[in-house]
Amino acid sequence: MAASERPAVEAIGVTRIIEGAVSTTLVQDINLDIPKGQFAVITGPSGSGKSSLLYILGLLDRPTKGSVRLDGRETAGLDAEALADLRLTQLGFVFQFHFLLPEFSALENVALPLRRLGRDSDTTILARAQSLLEEFGLGGMSHKRPDQLSGGERQRVALARALVNKPLVVLADEPTGNLDSRNSELVFDLFSRLAKAGQTIVAVTHDMELAKRADRRIRMVDGRVVADEH
Amino acid sequence: MRTLGLFAGIALTHLRHRRRQTLVSVLGVAIGVGFSIAMAALMQGFQQFFIDRIINAAPHVVMYDDYRDPPAQPVSRVYGDATVEISGLKPLRERRGIKDARAAIAALETRPGIAVAPVLSGPLILSYGAKDLSISVIGIDPEREVRVTTLANDMVEGSLALLRTNPNGIVVGSGLMKKLGLRMGQQVTAASPTGSPISMKVVGRFETGLAAVDQGTAYVLLKKAQILQDQPDAINQIRVRLADVALASDTAKSIERQFGYRTESWEETNSNVLSIFVVQNSIMFSTVGAILLVAAFGIYNIISTVVYEKARDIAILKSMGFREGDVRLIFVLEGALVGLIGALAGWALGYLLTKLLGIIPLPGQGGMIRRPTSGFILYESFTHYLVSGGFAMVAAVAAGFIPARKAARLDPVEIIRGGV
């Protein structure tokens with residue numbers, strides 16, 4: 001299969017069970033592939049396993065059964081360090097709560113993954129971070145700390161940070177869950193724009209109106225995929 | 001290297017945002033390091049001065065005219081442990097002193113790096129006016145004596161040359177002279193328990209700095225001591241000075257093996273004082289160790305707090321692709337930074353404390369040892385700075401490592417699921 005034809009991310013028979021006094025099945029037997037450049041949303045009621053699936057696809061959690069392939073590469077046998085390296089180079093996360101480092105400015109937050117990568121000079125890194133902030137309409141906010149930004153601005157900074165390393169896939173967990181409708185629109189506009197530019201995006205959301213703007217809607221109930229609309 | 005700068009930057013930011021806690025931890029380390037440096041300078045200063053005085057003033061090795069283990073008596077040799085009653089026994093009146101002393105001196109002088117001087121020492125009553133003082137008199141050959149002790153340098157009045165030219169001359173310690181109210185050139189009566197009283201002329205005064213020596217010792221010519229002690233031609237000590245003082249213990253053992261007489265190195269002679277130094281050092285290191293241990297607990301506390309407060313940030317960093325080792329390093333660096341800043345501040349504090357101790361005037365010059373300065377005797381060494389700083393760094397890194405390991409093991413999914 002040619003590189004361009006390989007799905008960006010694939011879940012093959014993925015099951016995640018949390019063992020304990022009472023075992024809990026978070027997701028069960030999920031088979032899914034997200035092609036490159038697709039904007040897919042995972043919807044479903046609370047506790048349906050949307051976020052659990054997202055964390056597994058984002059290599060933050062390991063499936064109990066099955067495996068995840070990233071750009072055709074099997075990740076099941078990889079150790080924690082290799083998975084961390086893949087998260088750094090291939091994946092970008094956006095969470096419901098912005099999760100920015102509070103002591104760092106917007107610019108420093110965006111620059112963090114590039115600095116961890118350590119490939120470019122600091123000037124290049126800051127220029128790239130600044131250009132992303134400008135692209136998201138935050139050019140004048142780069143030196144403000146998260147507590148000096150509005151909720152929508154923080155989420156856009158978080159998105160800029162997720163994109164700074166030019167990841168294969170951006171994974172967003174309820175990115176608008178904490179935003180008003182105007183800012184939610186703004187974030188989904190950004191997702192649509194990025195997807196049109198070829199960026200693969202997988203987002204979890206409750207908001208069905210916003211979900212309609214995605215290329216694909218995967219509905220989950222009780223840890224299983226019950227609908228998959230393109 | 002770039003990533004290390006990033007980790008250090010994150011660590012520094014965490015500490016900067018907990019200024020008060022960081023300051024307390026830094027102060028703890030600084031006080032530990034500072035006091036360690038000052039106490040080490042103080043202790044080692046006194047000990048070094050004391051040892052230097054002993055090494056310089058006294059011979060490095062002394063061979064005495066007795067045996068380490070008393071020779072077995074003929075009855076014991078014949079009957080072993082049996083109970084034997086012997087009546088009318090008179091102890092053999094043996095001639096005292098080292099047998100064949102001149103041959104022994106000649107043999108010792110063939111060894112390289114050795115200077116040898118014969119001595120006859122014994123008790124003496126020195127009378128001047130209405131005062132009688134019991135002292136130790138040492139009969140010396142001035143030419144040889146100057147090669148094994150610093151007596152010539154310790155002379156503050158008169159000289160050993162005058163002793164050589166005055167058969168009835170006597171050189172006394174400063175303290176002794178003061179006690180008797182003597183002056184240079186005055187006559188004093190000297191009498192030993194076995195000899196006749198002789199009138200002697202004070203031809204010199206010495207001062208070693210060791211009060212016990214300066215107040216209780218006098219030097220006369222060897223011949224005169226033999227007359228005073230009624231021991232013609234006797235020598236009861238052979239004093240040895242070595243080019244390398246570190247060989248004193250080995251040389252003493254070798255001399256004792258060769259001649260059979262009890263031979264002591266300066267370390268053995270002063271073993272009681274040196275053992276006190278060991279106790280002193282143990283107390284010092286325990287105290288400083290305790291201060292640094294408390295400081296290490298402070299560091300552990302601040303980093304544990306940061307780990308607890310920063311659990312969410314740790315999850316973010318890990319989701320971003322930071323490895324477990326990266327997270328661990330960030331928090332270990334926090335400990336190391338507190339240790340480093342504390343150690344540097346401690347160096348400055350230690351330097352100031354040492355200088356302060358050096359200028360504080362101390363009362364009481366009449367103690368066991370006469371000090372060359374009015375303040376504390378101090379031994380300043382860069383090693384003290386390195387050792388205390390190194391210990392602080394190790395303690396700080398160890399204190400940081402435990403919470404850092406916990407931070408590295410945090411599961412990001414659990415924290416992210418927990419929300420804010």
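Visitor: Which residue stands opposite Ile201(A) in S8(A)?
Guide: Phe39(A) does. Keep in mind that this is a predicted model.

Visitor: How does the chain cross from S7(A) to S8(A)?
Guide: Through helix H6 of chain A, residues 181-196. That makes a β-α-β crossover, and the crossover is right-handed.

Visitor: Why call S8(A) largely enclosed?
Guide: Because 5 of the 5 residues of this strand, 200-204 of chain A, are buried.

Visitor: Which side chains of S8(A) point which way?
Guide: Thr200(A), Val202(A) and Val204(A) point one way. Ile201(A) and Ala203(A) point the other way. All are buried.

Visitor: New topic. What's the strand order in the open sheet of chain A?
Guide: S2-S1-S4-S5, so named from one end of the 4 strands to the other, with antiparallel pairing.

Visitor: Which strands stand at the edges?
Guide: S2(A), 24-34, and S5(A), 73-74. Each has a single partner strand, so one side of each is left without a neighbour in the sheet.

Visitor: What packs on that sheet?
Guide: Helix H1 of chain A, residues 50-57. H1(A) touches S1, S2 and S4 of chain A. The helix direction makes about 60° with that of S2(A).

Visitor: How many bridges between S1(A) and S4(A)?
Guide: 5 bridges, antiparallel. S1(A) is residues 9-18 and S4(A) is residues 65-70. Two pairs to click on: Glu10(A) stands opposite Arg69(A), and Thr15(A) stands opposite Lys65(A).

Visitor: Then S4(A) to S5(A). What do they form?
Guide: A hairpin, with 2 residues between the strands. They pair over 2 bridges in the antiparallel sense. Leu70(A) stands opposite Arg73(A) in S5(A). In the turn, Asp71(A) has a positive phi of about 50°.

Visitor: Why flag a positive phi?
Guide: Because most residues other than glycine have a negative phi.

Visitor: Where is Leu59(A) found, then?
Guide: In the loop between H1 and S4 of chain A. Leu59(A) is not a glycine, yet its phi is positive, about 60°.

Visitor: Is Leu59(A) buried or exposed?
Guide: Buried. The relative accessible area of Leu59(A) is 4%, and the cut-off for buried is under 20%.

Visitor: And Lys166(A), buried or exposed?
Guide: Exposed, with a relative accessible area of 61%. Lys166(A) is found in the loop between helix H5 (151-163) and S7 of chain A. Its phi is positive too, about 50°, and it is not a glycine.

Visitor: Where does Phe93(A) lie?
Guide: In strand S6 of chain A, residues 91-94. Phe93(A) is buried, at 6% relative accessible area.

Visitor: What is Phe93(A) in contact with, beyond its neighbours within four places in sequence?
Guide: In chain A, the contacts are Gly58(A), Leu60(A), Arg87(A), Ala158(A), Ala162(A) and Leu171(A). Chain B contributes Ser319(B).

Visitor: How far apart are the C-alpha atoms of Phe93(A) and Leu159(A)?
Guide: 7.6 Å, for residues that are 66 residues apart along the chain.

Visitor: Over to chain B. What domains does the assignment give?
Guide: Domain 1 is 2-55 + 273-417, and domain 2 is 67-73 + 95-261. Their centres, taken over C-alpha atoms, are 51 Å apart.

Visitor: Which strand holds Arg239(B)?
Guide: S9 of chain B, residues 237-242. Arg239(B) counts as buried, at 9% relative accessibility.

Visitor: What does the side chain of Arg239(B) join up with?
Guide: The side chain of Glu145(B), through a polar contact of 2.7 Å. Other residues in contact with Arg239(B) include Pro59(B), Val61(B), Ile138(B), Thr149(B) and Tyr219(B).

Terms used
Residues numbered from 1 in each chain as written. Chains lettered and ligands numbered in written order. Predicted model: local features only at pLDDT ≥ 70, side-chain atom pairs only at ≥ 80, totals over all residues. Heavy atoms only, no water. Domains from an automatic or database assignment. Buried < 20%, exposed > 50% of the residue type's maximum accessible area, 1.4 Å probe, protein only. Polar contact = N/O pair within 3.5 Å; in protein donor to acceptor, adjacent residues only side chain to side chain. Contact = heavy atoms within 4.5 Å. Pairing = 2+ DSSP bridges. Right-handed = clockwise from strand over helix to strand, strands pointing away. Axes fitted to C-alpha atoms, helices over the stretch in contact; angles between N-to-C directions.
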